[in-house]
Amino acid sequence: MPHVSKSKLPNETLQEITSAFLFVLTDIKEKDNMSQFLNSFLSKTERLMLAKRLAIVYLLNEGFEETKISQLLHVTQSTISLLKLKFENNQTGYQKAISKIKKLGLLEEIQRAVLNLAKYSIRAAGGRL
């Protein structure tokens, strides 16, 4: 994620802008509108980092080993450990996201993507691309 200023905001200001941000996110109901907003609001790198975080939590929930997740998603072990700790200490928000993924049938898409990455990794390790 991008660098955040070391200068602290007053708590009232922080609460107001956080509230406004959450309002915008929860008010956008349509997928296309949300996609347009996120594409405008976040850089490509930020979107990728957030998607990887969600994938990491999903894979941890599905019982994947941390080293395998690191290899599949090209993330550091420390990133996975941090998310695992957050996931273990506050599962409610993560479980809601995982539940939505399962309801929308995105579960199969994520599993297919992970399996494709695994197959690619195996071929690449053997020098057969």
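These are my notebook entries on a predicted model.

**Entry: the core**

I began with the nonpolar cores. The largest one has ten residues: Ala55, Ile56, Tyr58, Leu59, Leu60, Ile69, Leu73, Val75, Ile80 and Leu83. I then looked up which helices supply this core. Helix H3 (44-61), helix H4 (66-73) and helix H5 (77-89) each give at least two residues. The most comes from H3, with five residues.

**Entry: helix H4**

Next I went along H4. Which residues are buried there? I noted Glu66, Ile69, Ser70, Leu72 and Leu73. Of these, Ile69 and Leu73 are also on the list for the largest nonpolar core. Just after H4 I came to His74, which has a positive phi of about 55°.

**Entry: Glu66**

I took Glu66 from helix H4 for a separate look. Is Glu66 buried or exposed? Its relative accessible area is 18%. Buried means under 20%, so Glu66 counts as buried. I then looked for a partner of its side chain. The side chain of Glu66 makes a polar contact with the side chain of Lys84, at 2.9 Å. I also listed the contacts of Glu66, leaving aside neighbours within four places in sequence. They are Leu60, Gln77, Ile80, Ser81 and Lys84. Among them, Leu60 and Ile80 belong to the largest nonpolar core.

**Entry: Ser70**

Ser70 is another residue of helix H4. I found a relative accessibility of 18% for Ser70, so this residue is buried by the under 20% cut-off. With neighbours within four places in sequence left aside, Ser70 is in contact with Val75, Thr76, Gln77 and Ile80. Val75 and Ile80 are core residues as well. Gln77 and Ile80 had already come up in my entry on Glu66. I also checked Ser70 against Ile56. The two are 14 residues apart in sequence, and their C-alpha atoms are 8.7 Å apart in space.

**Entry: a surface patch**

Which residues make the nonpolar patch of about 260 Å²? They are Leu9, Leu14 and Ile17. I followed up Ile17, which is found in helix H1 (residues 11-27). Its relative accessible area is 46%. Partly exposed covers values between the 20% limit for buried and the 50% limit for exposed, so Ile17 is partly exposed.

Notes: Residues numbered from 1 in each chain as written. Predicted model: local features only at pLDDT ≥ 70, side-chain atom pairs only at ≥ 80, totals over all residues. Heavy atoms only, no water. Patch = residues over 30% accessible without salt bridge, like charges linked within 9 Å, V, L, I, M, F, W, Y side chains within 5 Å. Areas by Shrake-Rupley, 256 points an atom, 1.4 Å probe, with all protein chains shown as cover. Salt bridge = Lys/Arg side-chain N within 4 Å of Asp/Glu carboxyl O. Helix = DSSP H or I, 4+ residues; strand = E, 2+ residues; numbered from the N terminus. Buried < 20%, exposed > 50% of the residue type's maximum accessible area, 1.4 Å probe, protein only. Core = buried A, V, L, I, M, F, W, Y, C linked by side-chain atoms within 4.5 Å. Polar contact = N/O pair within 3.5 Å; in protein donor to acceptor, adjacent residues only side chain to side chain. Contact = heavy atoms within 4.5 Å.
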